[in-house]
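Visitor: I would like to learn how a fold is read from its coordinates. Could you take me through one example, feature by feature?

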Amino acid sequence: MSEKKFSKVVLEFIKNEVVECELDNDNDVLILVKDVNADAVSPERINEHLSSYGYAARFEYGDGDWMSIIKKEK
């Protein structure tokens with residue numbers, strides 16, 4: 001079984017919250033979400049989901065509701 005790409009795992013999980021998305025590579029997902037403070041896009045909830053795929057992420061926040069979800073190296 002092939003490993004699911006990090007960006008796909010992230011986007012499938014929070015797809016209902018995403019307004020816009022930019023992907024430069026598979027390890028960094030830049031997204032505009034409906035509400036950056038929503039529970040659905042909380043770092044804890046996203047990392048809990050990612051851990052089931054063997055991933056972890058760090059988060060950076062920009063202006064308004066923009067956020068980057070960046071894959072942590074193992």
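Guide: We begin with contacts along the chain. In this predicted model, among contacts between residues at least 6 apart in sequence, 45% join residues at least 24 apart.

Visitor: Which elements does the chain contain, and in what order do they run from the N terminus on?

Guide: The chain holds two helices and four strands. Read from the N terminus, their order is α-β-β-α-β-β. The radius of gyration is 11 Å, close to the 11 Å that the globule rule gives for 74 residues, so the chain is as compact as a globular protein of that length. Taken along the principal axes, the C-alpha atoms fill a box of roughly 35 × 25 × 20 Å.

Visitor: How should I read the sheet, and in what order do its strands stand?

Guide: A sheet is read by asking which strand pairs with which. Here four strands form an open sheet in the order β1-β2-β4-β3, and the pairing is antiparallel. Because β1 and β3 stand at the edges, each with a single partner strand, one side of each is left without a neighbour in the sheet. On average, neighbouring strands are turned by 20° against each other, direction ignored.

Visitor: How many bridges join β1 to β2, and how many join β2 to β4?

Guide: Strand β1, residues 18–25, is joined to β2 by six bridges, and the two run antiparallel. They form a hairpin with two residues between them. One of the pairs can be located directly: V18 stands opposite V33 in β2. Between β2 and β4, also antiparallel, there are five bridges. V29 has I69 in β4 as its bridge partner, while L30 has S68 in β4.

Visitor: What does it tell me about side chains when two positions follow one another in a strand?

Guide: In a regular strand the side chains alternate between the two faces of the sheet. With that idea in mind, we may turn to the core.

Visitor: Which residues touch the most other members of the largest nonpolar core?

Guide: That core has 17 residues, and F6, L50, M67 and I69 touch the most other members. The elements that give two or more residues to the core are α1 (6–14), β2 (28–33), α2 (43–51), β3 (57–61) and β4 (66–71). Of the elements, α1 gives the most, with four residues.

Visitor: Which residues does I69 touch, leaving aside those up to four places away in sequence?

Guide: Its contacts include F6, V10 and I14, then N27, D28, V29 and I31, and also I46, A57, R58 and F59. As for burial in general, buried residues make up 31% of the 74 residues in the chain.

Visitor: Where is S42 found, and is S42 buried or exposed?

Guide: S42 is found in the loop between β2 and α2. Burial is judged by relative accessible area, with buried meaning under 20%. At 13%, S42 is therefore buried. A polar atom of the S42 side chain lies 3.2 Å from the backbone nitrogen of R45.

How values were computed. Residues numbered from 1 in each chain as written. Predicted model: local features only at pLDDT ≥ 70, side-chain atom pairs only at ≥ 80, totals over all residues. Heavy atoms only, no water. Core = buried A, V, L, I, M, F, W, Y, C linked by side-chain atoms within 4.5 Å. Buried < 20%, exposed > 50% of the residue type's maximum accessible area, 1.4 Å probe, protein only. Contact = heavy atoms within 4.5 Å. Pairing = 2+ DSSP bridges. Axes fitted to C-alpha atoms, helices over the stretch in contact; angles between N-to-C directions. Polar contact = N/O pair within 3.5 Å; in protein donor to acceptor, adjacent residues only side chain to side chain. Rg over C-alpha atoms; globule rule 2.2 N^0.38 Å.
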